[in-house]
Amino acid sequence: MSAFWHPTGSRLHPQHVSDQFLWLAYLAGLPPVRLHDLRHGAASLMLAAGVEMKVVQETLGHTSSAFTADTYTSVYPQVATAAAEKTAALLFGEEDQAAPGKLISLRS
């Protein structure tokens, strides 16, 4: 597990890090957001961009890609839509449009 460290070498309490982050977000004029929300956002965006599940799993430090898939694939409807459209493209002989991470449209 990762941790944040004070320059003196002592470990910072996680709540202190969270409080500092919230304060910096406030000073920047951003809405309140937790550090953990950034983690979810990054994972969801990686999946929506077509990044392989195994890469997302390893980036997040999950022990299995099944856990990553269960946690994040329902977050972005675009992920499910892209999968359905890539499958349809394959069935209709448009394999070149079914490249990983590429969104295609069945609408003309």
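This is a predicted model: local features need pLDDT of at least 70, side-chain atom pairs count only at pLDDT 80 or more; totals for chains, interfaces and linings use all residues.
Visitor: Okay, on to packing. At what angle do the axes of helix 2 and helix 3 cross?

Guide: Helix 2 (residues 35-48) and helix 3 have axes that come within 10 Å and cross at roughly 165°. Angles over 145 degrees count as roughly antiparallel, so that is how helix 2 runs relative to helix 3. The crossing of helix 2 past helix 3 is right-handed.

Visitor: Which residues in helix 2 and helix 3 meet?

Guide: Here's a handy rule for reading such lists: an α-helix has 3.6 residues a turn, so residues three or four places apart point the same way. On the helix 2 side you'll find Arg39, Ala43, Met46 and Leu47, and they meet Met53, Val56, Thr59 and Leu60 of helix 3. Sorted by class, this contact has 6 nonpolar, 1 polar and 1 charged residues.

Visitor: And how do helix 3 and helix 4 pack?

Guide: Their axes are 9 Å apart, at an angle of about 95°, which makes helix 3 and helix 4 roughly perpendicular to each other. Helix 3 brings Met53, Val56, Gln57 and Leu60 to the contact, while helix 4 (residues 65-72) brings Ser65, Thr68, Ala69 and Tyr72. The class count here is 5 nonpolar, 3 polar and no charged residues.

Visitor: How far does helix 1 reach from its first C-alpha to its last?

Guide: Helix 1 (residues 14-27) has 14 residues and spans 20 Å, close to the 20 Å expected at 1.5 Å a residue. Just after helix 1, look at glycine 29: its phi is positive, about 80°.

Technical notes:
Residues are numbered from 1 along each chain as its sequence is written. Side-chain values use heavy atoms; hydrogens and water are left out. Axes are lines fitted to C-alpha atoms, for helices over the stretch in contact, and angles run from 0 to 180 degrees between N-to-C directions. Helices (H or I, at least four residues) and strands (E, at least two) are DSSP runs, numbered from the N terminus. Angles under 35 degrees count as roughly parallel, over 145 as roughly antiparallel, 65 to 115 as roughly perpendicular and the rest as oblique. A crossing is left-handed if the near helix is turned anticlockwise from the far one by less than a right angle, and right-handed if clockwise. Contact means heavy atoms within 4.5 Å. Ala, Val, Leu, Ile, Met, Phe, Trp, Tyr, Cys and Pro count as nonpolar, Asp, Glu, Lys and Arg as charged, and the others, Gly among them, as polar. The expected span of a helix is 1.5 Å times one less than its number of residues.
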